[in-house]
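Trainee: I want to learn to read a model feature by feature. Where do we begin?

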Amino acid sequence: MNTKLEQIEQSFRGTHARIVCPFCASSRSKQNQKERTMTIDPGEAGIVYFCHHCNQTGVIKPNNNERPIIRKEVVVEPVVAEGIQQIPLGEVELKYLESRGITKDLAEDYGIFASEKYFRKLKGKAPAIGFPYLNKGAVYAAKYRSSGEVKDFICDGAPQTFFGLDKITVGEDLVIVEGEMDVLSFAAAGLRAVSVPNGAPMKVSDGAIDPEEDRKFRFLWAAKEHIDKAKRIIIANEADDSGEALAEEIARRVGKDKCWRIQWPDGSKDANDTLLQRGPGAIQMSLDAAKPWPVSGLYDAEHFEKQVIEVFEKGAGKGESTGYPSVDELYTVAAGQLTVVTGVPSSGKSEFVDQIMVNLAQNRFWKFAICSFENEPKFHIAKLISKRVRKPFFDGPSPRVSRMEFDAAFGWVNDHFVFVHQEDGSLSSLDAILERLRIAVLRHGIRGAVIDPYNYIERPRDISETDWISEMLTKVKTFVMAHGVHLWFVAHPTKLKRDEKSGDIPAPKGYEISGSAAWFAKADVGMTVHRHPEKTPQDVEIHIWKCRYSWLGKQGSTNLFYDKQTTTYAEKSAPTSGPIYSHFDTDF
């Protein structure tokens, strides 16, 4: 085996880990050579690795050719950093802490210590304050802040849990702040809070975090018990764009229905500012005045002021692109919405939804959870790989996916898709599905989900199908709005009669979906995928029969080409000789 691959295999401990990349570390600057840029995870075919710096990716197969164990509940076990020296706080560090309103006793209660570290902004070593990060009571990483006027940070190891979580009792309200100094500020007021390990996200676009930053939110999964049992999740972010994006993403993953937020007094951007300017009582008053996240109930207009100003200044905007300009004229994908998809059997409903997900994962780095009752995961993954590589997965007249392409594409699928799967083939309740999707939001940061098809969901016997569908769609709508997820719900139509003249089956619409008119009434978007496999198998009609919001699309129809060998779609203006591919480039 390649020496670099052996290094990866030796670092693997059966669960997710982050390591120094053996491919690019030696070529980087000296201070960056120890940065852990490569993630390794268990996968269906072996150890999946991906470097976030050089983009090196692949799968290492087990030597014994046995199927690797995929752990369904992966517990975060942070890699322990070596050489963390915890020096007692000295005069320089204590003076700085006192200038921020933090006493020696309070700092020592949280294990704060002194050190000397190299800081890039200072271009040299300087006194530093160390914040210890704990896992099961032991220090596994530390973050350092320069104790002079110039603010800079550096870490030993990779902090990936809340700072201060060891001080919180399970079941209490969980107050989340941006920095360790804010945790100490809450403690100065006699209150408990936790801090995110890496501050607010660096990449923010249109008020939301860049999906490339998703992996930085693993600290939420590590605190799952506290989050699940907390009465309230109270978010106390800084009043800037990055802070707002951080708050939105935490609320999306946790569920906005249990989130509250603190608004700091005018002139204060965070808890430490409030402590210094107004005293510890102001922190308590801000906490007491926390307001519920605007999800349901009655709220005044002030809750929505920032969103309204954004619409006023930027317009309503559009959703994310499907990957096809002609479809985008009718339909774009927006967070917190429900798309109902229908079509006669063998029309390609599921295939087209898969294609949209692949395009969004490819172009916008979205992650998805798939609950597909009619597709075994191994075959569904094969289809996604085929769409990603744009080659047939199996042997045939055209060149199939190569082994190298398979390894890279499998790693890509593993990074962007998780599967809700009933191994025994039994029916699943809607509540069970939504709970798994909720976990997928918290743990993986999914932005889209599929339930395909409806009729595999268990219906209570004491309720009619019509009432059940209405109630079910209400629950689904509540879920997608609370978590900012776009969900595609596939539903079969009633049996349709062929046209007497043409012999064709017409494209079904919302009121022709089996079971209830609620499919039309409660959908944000209604879509039909339709084709005539006997006459024109490559010609696919996309009908949008409902669009609740005009800025996201409109009613109408368009046509795409479908290539059966690769299960991919393309605009009809694309070249028709050879396989018909979508217009995305194929680089991994």
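**Reading the model**

Mentor: Ser 346 counts as exposed, at 57% relative accessibility. The cut-offs: buried is under 20% relative accessible area, exposed over 50%, and partly exposed in between (1.4 Å probe, protein chains only). This is a predicted model, in which local features need pLDDT of at least 70 and side-chain atom pairs count only at pLDDT 80 or more, while totals for chains, interfaces and linings use all residues. Residues are numbered from 1 along each chain as its sequence is written, and side-chain values use heavy atoms, with hydrogens and water left out.

Trainee: What is the phi of Ser 346, and where does the residue sit?

Mentor: The general idea first. Most residues other than glycine have a negative phi, and most peptide bonds are trans. Ser 346 has a positive phi, near 70°. Ser 346 lies in the loop between strand S16 (338-342) and helix H12. Helices (H or I, at least four residues) and strands (E, at least two) are DSSP runs, numbered from the N terminus. Phe 365 is not a glycine either, and its phi is positive at about 60°. Phe 365 belongs to the loop between H12 and S17. At 35% relative accessibility, Phe 365 is partly exposed.

Trainee: Which peptide bond is cis?

Mentor: The bond from Asp 452 to Pro 453, with omega near -10°. Pro 453 falls in the loop between S19 and H16.

Trainee: How do I read the strand pairing around S19?

Mentor: Strands of a sheet pair through backbone hydrogen bonds, either parallel or antiparallel. Here, pairing requires at least two DSSP bridges between two strands. S17 (residues 368-372) and S19 (residues 448-452) are parallel and share five bridges. Ala 369 faces Ala 449 in that pair. S19 also runs parallel to S20 (residues 486-490), joined by four bridges. Gly 448 has His 486 of S20 as its bridge partner.

Trainee: Are the residues of S19 buried or exposed?

Mentor: Five of its five residues are buried. Both faces are covered: Gly 448, Val 450 and Asp 452 on one side, Ala 449 and Ile 451 on the other.

Trainee: What unit do S19, H16 and S20 make?

Mentor: A right-handed β-α-β unit, with H16 spanning residues 465-483. Right-handed means that, with the strands pointing away from the viewer, the path from the first strand over the helix to the second runs clockwise.

Trainee: In what order do the strands of the open sheet run?

Mentor: The order is S5-S6-S7-S8, four strands with antiparallel pairing. The twist averages 35° from one strand to the next. Helix H2 (residues 91-99) packs on this sheet and touches S5, S6 and S7; its direction makes about 70° with that of S6. Contact means heavy atoms within 4.5 Å. Axes are lines fitted to C-alpha atoms, for helices over the stretch in contact; angles run from 0 to 180 degrees between N-to-C directions. S7 (residues 138-146) joins S8 over four antiparallel bridges, with Lys 143 opposite Cys 155.

Trainee: Which residues touch the most other members of the largest nonpolar core?

Mentor: Such a core is a set of buried Ala, Val, Leu, Ile, Met, Phe, Trp, Tyr and Cys residues joined through side-chain atoms within 4.5 Å. The largest has 44 residues; Tyr 331, Phe 352, Ile 385, Phe 417, Trp 488 and Met 527 touch the most other members. Elements giving two or more residues include H12 (349-364), S17, S20 and S21 (525-532). H12 gives the largest share, seven residues. A second, separate core of 35 residues includes Leu 430, Val 476, Ala 523 and Trp 545.

Trainee: And salt bridges?

Mentor: Side chains of opposite charge can pair when their charged atoms come close. The criterion is a side-chain nitrogen of Lys or Arg within 4 Å of a carboxyl oxygen of Asp or Glu. The structure holds 26 salt bridges. One of them joins Arg 403 to Asp 407, N and O at 3.1 Å. Both lie in H14, four residues apart, about one turn of the helix.

Trainee: Which pair links distant parts of the chain?

Mentor: Asp 524 and Arg 548 meet at 2.8 Å, N to O. They are 24 residues apart: Asp 524 in the loop between H17 (518-521) and S21, Arg 548 in the loop between S22 and S23. Asp 524 is buried at 1%, whereas Arg 548 is partly exposed at 36%.
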